[in-house]
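Here are my notes for someone opening this model for the first time. Have a look at the fold below, then read the points in order.

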Amino acid sequence: MIGQVLAQAAIILFLVNINMYFIFLVIRKTTIRMVKIRLAKFSRHFMKWHIPIAICGTAAITGHAVINLTQFGPLIGFSHLKLLTGYLALAMLSLTLFAGLLRHKKASGFRRKFHLTAAMTFLGIFIIHMVVLI
């Protein structure tokens, strides 16, 4: 029960953070100046919360992983597809956080793309993990 609540909280937090990509995409692609200005102001304010949201989401997902590994691992086996996709998602989350740390230390075009690619790959693996049934 607590593991599911932590997973749901992590889903919300990570989706909020991943939506920053789409806000920046709209800023780049729109031709309406007022939309660009409002979204730029919003994104400037919201980016202050990007790292704290990521830390809270990571804590929630770590709690979810620990609880589910101890409860379901012995029952279904540690090599079950659900757990394997969870391991992969956790590894991809770690890579995403590492890429974000590099980007935070010194921003560059490569580091931005690396963080973005890692985040979108994590999102894909995370969706696969959600879809796989026990």
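1. A residue counts as exposed here when its relative accessible area is over 50%, as buried under 20%, and as partly exposed in between, using a 1.4 Å probe and protein chains only. By that scale I12, at 55% relative accessibility, is exposed; I12 sits in helix α1.

2. Some ground rules. This is a predicted model, where local features need pLDDT of at least 70 and side-chain atom pairs count only at pLDDT 80 or more, while totals for chains, interfaces and linings use all residues. Residues are numbered from 1 along each chain as its sequence is written, and side-chain values use heavy atoms, with hydrogens and water left out.

3. Now the overall build. The protein has five helices and zero strands, so the pattern along the sequence reads α-α-α-α-α; helices are DSSP runs of H or I with at least four residues, strands are runs of E with at least two, and numbering starts from the N terminus. The C-alpha trace spans about 55 × 30 × 25 Å along its principal axes.

4. How much is tucked away? Of the 134 residues, 31% are buried. The accessible surface comes to about 8,800 Å², and 74% of that belongs to carbon and sulfur atoms (Shrake-Rupley method, 1.4 Å probe; for residues, only the protein chains shown count as cover). Among contacts (heavy atoms within 4.5 Å) with a separation of 6 or more, 64% are between residues 24 or more positions apart.

5. Next, the inside. A nonpolar core means buried Ala, Val, Leu, Ile, Met, Phe, Trp, Tyr and Cys residues joined through side-chain atoms within 4.5 Å. The largest one has 13 residues, and A10, F14, I61, M92, L93 and F122 touch the most other members. Helices α1 (2-29), α3 (50-76), α4 (81-105) and α5 (109-131) each supply at least two of its residues, with α5 giving the most, five. Another core, of five residues, lies apart from it and includes M20, I23, I27 and I53. In soluble globular proteins, nonpolar side chains tend to be buried together.

6. Which residues does F14 contact, leaving aside neighbours within four places in sequence? They are A54, G57, T58, I61, L93 and F122.

7. Turning to the outside, F78, L81, L84 and Y87 form a nonpolar surface patch with about 380 Å² of accessible area together. L81 belongs to helix α4.

8. Is C56 buried or partly exposed? C56, in helix α3, counts as partly exposed because its relative accessibility is 46%. C56 and T85 are 29 residues apart along the chain, and their C-alpha atoms are separated by 21 Å.

9. L133 is in the segment after α5 and, at 69% relative accessibility, counts as exposed. L133 and K82 are 51 residues apart in sequence but 6.6 Å apart in space, C-alpha to C-alpha.

Key
Patch = residues over 30% accessible without salt bridge, like charges linked within 9 Å, V, L, I, M, F, W, Y side chains within 5 Å. Salt bridge = Lys/Arg side-chain N within 4 Å of Asp/Glu carboxyl O.
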